[in-house]
Amino acid sequence: MKVIIVGSGLAGATAAAALNDAGADVRVIEQSPVWGGQLRTEHAGGIHYEPHGAHILHTTDRQVWDFVTDRVEMLPYRHRVMTEVDDRLLSWPPQVSELEQLPQWADIRRELDRRPGTPRTTNFETWCEDIMGTTLYSLFIRPYTIKQWGTDPRELAAQWAPKRIELRVDGYRDLFRDPYQGWPRGGYLTLIDALLGGVPVEMGAAVDAETFAERTRGADAVVLTAPLDVFFRHALGELPWRGVRLESHFLPGADHVLPCGVVNHPGLDQAYTRRIETKWMSGQTRAGTVVSYEYPGAPARHYPVDDVDGRNRGLAHDYRALVAEEFGPRVHLAGRLATYTYIDMDQAIRQGLNAAARILKRADARYPTAGRP
Ligand SMILES: Cc1cc2nc3c(=O)[nH]c(=O)nc-3n(C[C@H](O)[C@H](O)[C@H](O)COP(=O)(O)OP(=O)(O)OC[C@H]3O[C@@H](n4cnc5c(N)ncnc54)[C@H](O)[C@@H]3O)c2cc1C
């Protein structure tokens, strides 16, 4: 069985590895001159840093975790984040016990006592205010959201807020609660190298709707991880994204500069939203460190814009329908770009594994021994 994978990010690389392991004839086509998509680890003075943004693998999905740890060594990193508010460093997500030190505590407490049982889902702002009150929302969330999204928070849907916004009373300080968490020894390219090591990859070649038939000729199945509006040359319109840009500084001789892996900066007085010190994730002990400043508003496809009217979600749905209509059931969509959703790495891996499983199942149904070694 012959399969073409369009895109060598984590979703495409996972599907490629799973299909390759099952004995399929797999080839990856990647538009960029390098593989790995959003995942990249660079070095300065021997110190790892991530020029496309900090990544921590965290999951409840045991099969995903096993898939990764069968291929690379995961360092046992637990992610901690702090937020700078009024010149103080406080835990993120906010811990109610720490908020008592804020001069606004009397207002915060009153608003917490008056919260409704169920938050309104009118838009992102109403949801957050009902979870934490107006004062806390104005300190921690509203200015960060304005910087990050370049829009009024009321223009954003409430839908993705529950995954990102939390107020804690339990003293638990790791960002994630998942049972499996870590950072790959040597960085994320070791994972991509392990996934694609046995697969032919053509780099520097894009596939779109015009070239699709020619580029995938003879393939029984195709896994498509490209952005569909670009793939169809914006035939139905453009899907908007918000991107970030990282500026990294190497500091020779320093051990650590930040108190933890990521510090959020919600204040509108700084243009950046986060500072990141990858040395906390990599566990390196040599002298020197790299601190990366994350600036929002870059022209990159990082975060799909979940508008309050659901316009963008509707357009993404229309593009997916167009793929099915024009190219039929041979094409399987996977990954953040093709699905126009923010997904974490474990979900990208899960989508890659599911695409591979669907392809193998279809092959089994058609030719009972196809696709098996
Ligand atoms: C700033 C930031 C921080 C993040 N932090 C975390 C984190 O801490 N933990 C976590 O779990 N997740 C995190 N994520 C999410 C994570 O990056 C993604 O889940 C994952 O990288 C998605 O992989 P993908 O394969 O879907 O997409 P991508 O990595 O974007 O890969 C798609 C690939 O397809 C290629 N391609 C596109 N179009 C074409 C075409 N037409 N022809 C050929 N090739 C094409 C691209 O060049 C790219 O290589 C973060 C994301 C961002 C933006």
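**How the two domains meet**

A single salt bridge (a side-chain nitrogen of Lys or Arg within 4 Å of a carboxyl oxygen of Asp or Glu) is counted between domain 1 and domain 2. The model is a predicted one, in which local features need pLDDT of at least 70, side-chain atom pairs count only at pLDDT 80 or more, and totals for chains, interfaces and linings use all residues. Residues are numbered from 1 along each chain as its sequence is written, and side-chain values use heavy atoms, with hydrogens and water left out.

Domain 1 covers 1–40 + 187–240 + 305–373 and domain 2 covers 95–164, with bounds from an automatic or database domain assignment. Their centres, taken over C-alpha atoms, lie 37 Å apart. Eight residues from domain 1 and eleven residues from domain 2 make up the contact (heavy atoms within 4.5 Å). Between them the two domains bury about 690 Å², with 49% of it on carbon and sulfur atoms; this is the accessible area (1.4 Å probe) lost on putting the two parts together, summed over both.

Lys163 and Asp344 form a salt bridge, with their closest N and O atoms 3.4 Å apart.

Beyond its neighbours within four places in sequence, Ile141 is in contact with Trp92, Phe124, Cys128, Met132, Leu136 and Ile165.
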